[in-house]
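Subject: Structure for your review

Dear colleague,

Please find below the structure that I am handing over to you.

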Amino acid sequence: MCSVMPFHIAHDERETVALACYARGVELINELYGDLAEEAGRRTGTRLAPVS
């Protein structure tokens, strides 16, 4: 989702679609990282550091 942001820039001084694409991309990558950290914890008994 973050990579398509430049294609949605309309140069209208608001850029709501581009910002929405970026925000959703950040949500998805954070969810993926959380899932991977949880799986790593199950497999190794440790946990990856949370992203802040």
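What percentage of the 52 residues in the protein chain do buried residues make up? The share is 10%. Please keep in mind while reading that this is a predicted model. The chain exposes about 4,400 Å², and 60% of that area is supplied by carbon and sulfur atoms.

The helix

The protein chain contains one helix and zero strands. This helix, α1, has 29 residues and covers residues 16-44. From its first C-alpha to its last it reaches 42 Å, which is close to the 42 Å expected at 1.5 Å a residue. The buried residues of α1 are A18, C21, G25 and A37. Just after α1, G45 adopts a positive phi of about 80°.

The segment before the helix

F7 is located in the segment before α1. Is F7 buried or exposed? Its relative accessible area is 71%, so F7 is exposed. F7 and A18 are 11 residues apart along the chain, and their C-alpha atoms are separated by 7.8 Å.

The nonpolar patch

I29, L32 and L36 together make a nonpolar surface patch of about 280 Å². Of these residues, I29 lies in helix α1.

The salt bridges

Side chains of opposite charge can pair when their charged atoms come close. The structure holds four salt bridges, and a network of such bridges links E38, E39, R42 and R43.

- E38 pairs with R42, with the closest N and O atoms 3.6 Å apart. Because the two residues are four apart in helix α1, about one helical turn separates E38 and R42.
- R42 also forms a salt bridge with E39, where the closest N and O atoms are 3.1 Å apart. R42 and E39 are three residues apart in helix α1, so they too are separated by about one helical turn.
- R43 and E39 meet through their side chains at 2.8 Å, N to O. These residues are four apart in helix α1, and therefore about one helical turn lies between R43 and E39.

How accessible are the members of this network? R42 counts as exposed at 58% relative accessibility, and R43 counts as exposed at 68%. E38 is partly exposed, with a relative accessible area of 42%, and E39 is partly exposed as well, with 28%.

Yours sincerely,
A colleague

Methods: Residues numbered from 1 in each chain as written. Predicted model: local features only at pLDDT ≥ 70, side-chain atom pairs only at ≥ 80, totals over all residues. Heavy atoms only, no water. Patch = residues over 30% accessible without salt bridge, like charges linked within 9 Å, V, L, I, M, F, W, Y side chains within 5 Å. Areas by Shrake-Rupley, 256 points an atom, 1.4 Å probe, with all protein chains shown as cover. Buried < 20%, exposed > 50% of the residue type's maximum accessible area, 1.4 Å probe, protein only. Expected span 1.5 Å × (residues − 1).
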